[in-house]
Amino acid sequence: MKVEFAATHLRCPVCHRDRSLRLDVAAASPLEVREGVLVCRACGAEHAVHGGIAHLLVDPPDHVVREAAGLARFADFMASTGWDRERILALPDYQHGYWYVQAMSMQQLLDTIGFRPGEVLLDVGSNTCWASNRFAQRELTVAALDISTAELQGLSTADYFIEAGASYFERVLGSMNDMPIASGSLDYVYCCEVLHHNDAEGLRRAMEEAFRVLKPGGRVLVVNETLKTLRDRHGVHVETVAHWDGYEHAHWAARYRWEAIRAGFRTRILEPRYHPFFGDGPPQADLRPPRRAFVRRLRFELRSRRLTRRAYLAWLHHVSGGVAFGMIATKPARRGVISAAARALPR
């Protein structure tokens, strides 16, 4: 944790006073404060900094405690199945369908959003911290937020990247429903497969918190959110979630978007580039060459029509499934006005 970041971007989770935390240093590396105490000048509350992580998760609800414990158990399971530092450092470039989607979604954002050096991004539910690393490599000021500090499944995993010299980013133990981040201090809030770790009330609160912490014109970047559809009313693997004490509640696509709008955002849906119809998905190898050529020509004709693209994505989102939900939600630069950067985004 850097002293300047604590002073300008943090919020006391007890009294909710912005930029009130003073970092008293006990031990430091050349990069950051590794051990210390964050003291609130307003209410006097003290919060530990341990291993470079600011511990700002105060009185979490029971489901958060259980989920964090489940993540620690899952980290042990990962270690027993061969996950280690080297594999984490290679993420998301890992030969697996899940990671193909993650890599494609990240590249889509990097191609779509005009990130500028020095802009500030919060990676909500950072987990293995690979996305925080990618954004930091683009010279953004990045903070990883998570409810777990477990290696392989929490904020301590950040040390893999920092010690390797890959990047540097801040780490904050805290909740998306009560972000210990100063109001109006961020340019981006990145949410990858994390918003569904909320019930309906929690989803609303998370969107309200994202709106609060963003600057005018700032954006929430939502990718790969789990969906309910008519063919899958659960949207999550119920038995797996229960085994690891996950708190997962897939929502309808319209619900994600409505809660963003309700919070005050202007929204645009992201097309899933990893899907063959919308982008650079893998070829349909199961089709024989003549049929494959016909499907390719038909897809080209259909995907060139904006209305067709919207209709097909709505079908996937609400009926058949097979894709996750993505959205860019922009906080108006001022009442009734959207930023020029947001207007430039492809529709």
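Author: A polar contact is a pair of N or O atoms within 3.5 Å, and within protein one of them must be able to donate a hydrogen and the other to accept it. The structure is a predicted model. In it, a polar atom in the side chain of arginine 41 lies 3.1 Å from the backbone oxygen of arginine 19. Arginine 41 sits in the loop that runs between strand S2 (33-40) and strand S3 (46-50). With a relative accessible area of 52%, arginine 41 is exposed, because the cut-off for that class is over 50%. Apart from neighbours within four places in sequence, arginine 41 is in contact with Arg19, Ser20, Leu21 and Arg22. Arginine 17 is 24 residues away from arginine 41 along the chain, and their C-alpha atoms are separated by 9.2 Å.

Histidine 16 is found in the loop between helix H1 (3-9) and strand S1 (21-28). The backbone of histidine 16 has a positive phi of about 60°, although the residue is not a glycine. Most residues other than glycine have a negative phi, and most peptide bonds are trans. Histidine 16 is partly exposed, at a relative accessible area of 35%. Aspartate 245 also has a positive phi, near 55°, and is placed in the loop between helix H8 (238-243) and H9. Its relative accessible area is 30%, so aspartate 245 is partly exposed. A cis peptide bond, with omega about 5°, joins leucine 91 to proline 92. Proline 92 belongs to the loop between helix H3 (85-90) and H4.

Next comes helix H5 (residues 130-137). Six of its eight residues are buried, so H5 is largely enclosed by the rest of the structure. These buried residues are Trp130, Ala131, Ser132, Asn133, Phe135 and Ala136. They pack against helix H4 (97-112), strand S5 (120-124), strand S6 (141-146), helix H6 (158-163) and strand S8 (186-192). The axes of H4 and H5 are 12 Å apart, and the two helices pack at an angle of about 30°. H4 is therefore roughly parallel to H5, because angles under 35 degrees fall in that class. The crossing of H4 with H5 is right-handed. From H4, the residues that meet H5 are Trp99, Gln102, Met106 and Leu110, and from H5 they are Trp130, Ala131, Arg134 and Phe135. By class, this contact holds six nonpolar residues, one polar and one charged. An α-helix has 3.6 residues a turn, so residues three or four places apart point the same way. After H5 comes glutamate 139, whose phi is positive, near 70°.

The axes of helix H7 (residues 200-213) and helix H9 (residues 253-263) come within 9 Å and cross at roughly 45°. H7 and H9 are therefore oblique to each other, and their crossing is right-handed. On the H7 side, the contact is made by Ala200, Leu203, Arg204, Met207, Glu208 and Phe211. On the H9 side, it is made by Arg255, Tyr256, Glu259, Ala260, Arg262 and Ala263. Sorted by class, the contact of H7 with H9 has seven nonpolar, no polar and five charged residues.

Threonine 267 is part of strand S10 (residues 266-269). Its side chain makes a polar contact of 2.7 Å with the side chain of arginine 257. At a relative accessible area of 14%, threonine 267 is buried, since the cut-off is under 20%.

Histidine 317, in helix H11 (residues 306-320), is likewise buried, at 5% relative accessibility. Beyond residues up to four places away in sequence, histidine 317 touches Leu227, Lys228, Thr229, Ala253, Ile269, Val323, Ala324 and Phe325. Leucine 227 and histidine 317 are 90 residues apart in sequence, but 7.2 Å apart from C-alpha to C-alpha.

Finally, the chain as a whole. It has 12 helices and 11 strands, and 50% of its 347 residues are buried. Of the contacts with a separation of 6 or more, 70% are between residues 24 or more positions apart.

Definitions and conventions:
Residues numbered from 1 in each chain as written. Predicted model: local features only at pLDDT ≥ 70, side-chain atom pairs only at ≥ 80, totals over all residues. Heavy atoms only, no water. Helix = DSSP H or I, 4+ residues; strand = E, 2+ residues; numbered from the N terminus. Buried < 20%, exposed > 50% of the residue type's maximum accessible area, 1.4 Å probe, protein only. Contact = heavy atoms within 4.5 Å. Axes fitted to C-alpha atoms, helices over the stretch in contact; angles between N-to-C directions. Parallel < 35°, antiparallel > 145°, perpendicular 65-115°, else oblique. Left-handed = near helix turned anticlockwise from the far one by under 90°. Nonpolar A, V, L, I, M, F, W, Y, C, P; charged D, E, K, R; others polar.
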